[in-house]
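Good morning, everyone, and thank you for making time for this.

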Amino acid sequence: MSTGPHIVSDVMTHTVVAVGRDARFKDIVQLMEEWKVSALPVLEDEGRVVGVVSEADLLPKEEFRDDDPDRFTQRSRLADLAKAGALTAGELMSTPAVTVHADATLAQAARIMAQRKVKRLPVVNAEGVLDGLVSRADLLKVFLRTDEDLAGEVRREVIGTLFPAPAEPLGVVVRDGVVTLTGHVRDTSSIPVAARLVRAIEGVVDVECDFSTGFPRSIPG
């Protein structure tokens, strides 16, 4: 995986199963089972995403199968009751679809998922046409980067930028994604900056700074 910032197109799934507005309830369930997915984008025209059908949209049909809801339930769960009687994707889908563009950063995609409480996002182009799908699991792929890969990026992007000519060599040790910076620095204001830049590297689990500060002691000749 290339050095950051990583974007959605780096991790998204390109092969995506989708349905049209007229897809029938049972066909939707069968596709979810066949493809082992919990949601399907709903497309129209030339592949434009107009909504998403998820397991949550399908469950009301089972929930209210043998239930005669009281007036409070009828008022408070009107949308779910409507989905309990729905037959097609167009009637079942949540719309408008929550989507993301391929050039969005992974952090931006993660914020959208958290704010909108969704587990996956259809990836669309400028015209809203489906390009792929990104899930929570896809966003976590950055944590599969090796310790060696992370250490190399820290040395290039952080140490080489903030400390281009250190009085003494600075150490970068990465273990299980946790980065430890060691060595001697004269400018203490650079330490929190270094920590922030390292933490911003995708795949870093945490960062620890074990710098000594001030002027280095002279080494006896």
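Predicted model: local features only at pLDDT ≥ 70, side-chain atom pairs only at ≥ 80, totals over all residues.

Let me begin with β4 and strand β5, residues 120-124, which pair in the parallel sense over 2 bridges; two strands pair if DSSP finds at least two bridges between them, and the helices (H or I, at least four residues) and strands (E, at least two) are DSSP runs, numbered from the N terminus. Residues are numbered from 1 along each chain as its sequence is written, and side-chain values use heavy atoms, with hydrogens and water left out.

Within that pairing, Val100 has Val123 of β5 as its bridge partner. The open sheet is formed by 3 strands in the order β4-β5-β6, with mixed pairing. Because β4 (100-101) and β6 (130-135) stand at the edges, each with a single partner strand, one side of each is left without a neighbour in the sheet.

Now to the cores, where a nonpolar core is a set of buried Ala, Val, Leu, Ile, Met, Phe, Trp, Tyr and Cys residues joined through side-chain atoms within 4.5 Å, and buried means under 20% relative accessible area, with a 1.4 Å probe and protein chains only. The largest has 20 residues, and those with the most contacts inside it are Val154, Ile159, Val172, Val179, Leu181 and Val198. Two or more residues are given to this core by each of α9 (147-162), β7 (171-175), β8 (178-185), α10 (190-199) and β9 (206-213), and the largest share, 5 residues, comes from α9. There is also a second, separate core of 15 residues, which includes Val17, Met32, Ala86 and Ala89.

What about aromatic rings, and how many pairs does the structure hold? It holds 1 aromatic pair, where rings of Phe, Tyr and Trp (its six-membered ring) pair if their centres lie within 6.5 Å, and planes under 30 degrees apart count as stacked, over 60 as edge-to-face and the rest as tilted. The rings of Phe163 and Phe211 have centres 6.0 Å apart and planes at 55°, so this pair is tilted. The pair links distant parts of the chain, with Phe163 in the loop between α9 and β7 and Phe211 in strand β9, 48 residues apart. Phe163 counts as buried because its relative accessibility is 11%, and Phe211 counts as buried at 13%.

How values were computed. Buried < 20%, exposed > 50% of the residue type's maximum accessible area, 1.4 Å probe, protein only.
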